[in-house]
Amino acid sequence: MADDILDRLAATIAARKGADAGSSYTASLFARGRARIAQKIGEEATETVIAAMGNDPATIVPEAADLIYHLLVLLADAGLTLDQVRAELARREGTSGHDEKAARTPAANGLPLSFRPE
Ligand SMILES: N=c1c2ncn([C@@H]3O[C@H](COP(=O)(O)OP(=O)(O)OP(=O)(O)O)[C@@H](O)[C@H]3O)c2ncn1[C@@H]1O[C@H](COP(=O)(O)O)[C@@H](O)[C@H]1O
């Protein structure tokens, strides 16, 4: 069994594919499909934002856990792995977000060229 809770959770989630939706919440999400999983991520992200704007930082923890769980369900549904996310984070390691953003072209930033600042 993997030492890390995220690895264990990802393995549990993967094992729920095709399981009985009546006895597994994860299986019920897989059964309802990608759009429902994505919608749940939106809901959990919104609940995390609400917790973030409140006065008690501790309330962020359970919302963050809900969000991460549902993200792992999305990765599994899409045939992706936590290791792929780890690799992407490792690839970014050491590159400042400011530097990465400055290197983007205006088009890549989503701005039409006519709006490009002088
Ligand atoms: N970590 C989680 C986890 N986090 C959140 N949730 C569920 O996510 C749902 C989200 O709650 P909400 O209040 O937002 O929504 P809801 O109204 O209950 O559910 P919806 O009908 O809106 O989808 C709840 O049912 C939570 O229980 C989780 N369900 C399962 N896990 C893990 O997944 C494992 C397998 O669970 P099953 O697939 O249910 O066996 C468990 O042992 C846990 O380790």
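Which helices each supply at least two residues of the shell around the ligand?

Modeller: This is a predicted model, in which local features need pLDDT of at least 70 and side-chain atom pairs count only at pLDDT 80 or more, while totals for chains, interfaces and linings use all residues. Residues are numbered from 1 along each chain as its sequence is written.

Helix 1 (5-15), helix 2 (25-32), helix 3 (34-52) and helix 4 (60-77) each supply at least two residues of the shell. Helices (H or I, at least four residues) and strands (E, at least two) are DSSP runs, numbered from the N terminus. The chain as a whole holds six helices and zero strands.

Around the ligand lie Leu-9, Thr-12, Arg-16, Ser-24, Tyr-25, Thr-26, Ala-27, Lys-40, Glu-43, Asp-66 and Tyr-69; a residue is counted as near if its C-beta atom, placed from the backbone, lies within 6 Å of the molecule. Helix 2 gives the largest share of this shell, three residues.

Helix 4 has 18 residues and spans 26 Å from its first C-alpha to its last, close to the 26 Å expected at 1.5 Å a residue, that is, 1.5 Å times one less than its number of residues. Its buried residues are Leu-67, His-70, Leu-72, Val-73 and Ala-76. Buried denotes 20 or more other C-beta atoms within 10 Å of the residue's own, with C-beta atoms placed from the backbone. These buried residues pack against helix 1, helix 2, helix 3 and helix 5 (82-92).

The largest nonpolar core has eight residues: Ala-10, Ile-13, Leu-29, Phe-30, Ile-37, Leu-72, Val-73 and Ala-76. Helix 1, helix 2 and helix 4 each supply at least two residues of this core, and the largest share, three residues, comes from helix 4. Such a core is a set of buried Ala, Val, Leu, Ile, Met, Phe, Trp, Tyr and Cys residues joined through C-beta atoms within 7 Å. In soluble globular proteins, nonpolar side chains tend to be buried together.

Beyond its neighbours within four places in sequence, Ala-76 is in contact (C-beta atoms, placed from the backbone, within 7 Å) with Ala-10, Ile-13, Ala-14 and Lys-17. Just after helix 4, Gly-79 takes a positive phi of about 75 degrees.

Notes:
Buried ≥ 20, exposed ≤ 12 C-beta atoms within 10 Å, placed from the backbone. Contact = placed C-beta atoms within 7 Å.
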